[in-house]
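I opened the notebook to look up salt bridges.

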Amino acid sequence: MVYISRTEHFNAAHRLYNPAWSDEKNKEVFGPCANVNWHGHNFELIVTVKGEPDPDTGFVIDLKVLGDIIKKEIIEKVDHKNLNLDVDFMRGKMASCEIFVMEIWKILDRALEPVTEARLHQIRLYETPKNFVDYYGE
């Protein structure tokens, strides 16, 4: 089994806020991330797929094809957007990185299926250089 990864970057704003809670409780739990005027990040998305190399090309998947899928299905929808307001697949969901990466997985998993035998293995989403989330589809 061979694992290959593609990294993409995007910028987006969001707000962590539970509407069932008071403003005070949201501020207590989420701190400045509950800012009513949003806050933004320079995200880094690393998508890893796994598979056996094709005997004719030597590729698990052409990395250009993988990059094009990530850009079309995710980056174009989230770059310079507000995750809470502008991104259809995040509407009505908590805009935490944990939920965000799970939603990204669902989209990329469906998009890859008709194109390649390779399967998603991991998605790593950096919110900041110190904070990131890994998801394996489990």
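Is Glu 8 buried or exposed? I looked up its accessibility in this predicted model. Glu 8 comes out at 9% relative accessibility. The cut-off for buried is under 20%, so I logged Glu 8 as buried.

Next, its partner. Glu 8 pairs with Arg 6 in a salt bridge, and 2.9 Å separates the closest N and O atoms.

Then I ran the search over the whole structure. How many salt bridges does it find? The count is 7.

I moved on to helix H2, residues 63-78. Glu 73 and Lys 77 both sit there, 4 residues apart, about one turn of the helix. Their side chains form a salt bridge at 3.9 Å, N to O. Glu 73 is buried at 17% relative accessible area. Lys 77 reads 34% and is partly exposed.

Last pair: Glu 103 and Lys 93 form a salt bridge, with 4.0 Å between the closest N and O atoms. Where do the two sit? Glu 103 is in helix H3 (residues 97-112), and Lys 93 is in the loop between strand E3 (81-82) and H3. They are 10 residues apart, and the pair links distant parts of the chain. I noted Glu 103 as buried, with 11% relative accessible area. Lys 93 is partly exposed at 33%.

I also checked for shared partners.

Methods. Residues are numbered from 1 along each chain as its sequence is written. This is a predicted model: local features need pLDDT of at least 70, side-chain atom pairs count only at pLDDT 80 or more; totals for chains, interfaces and linings use all residues. Side-chain values use heavy atoms; hydrogens and water are left out. Buried means under 20% relative accessible area, exposed over 50%, partly exposed in between (1.4 Å probe, protein chains only).
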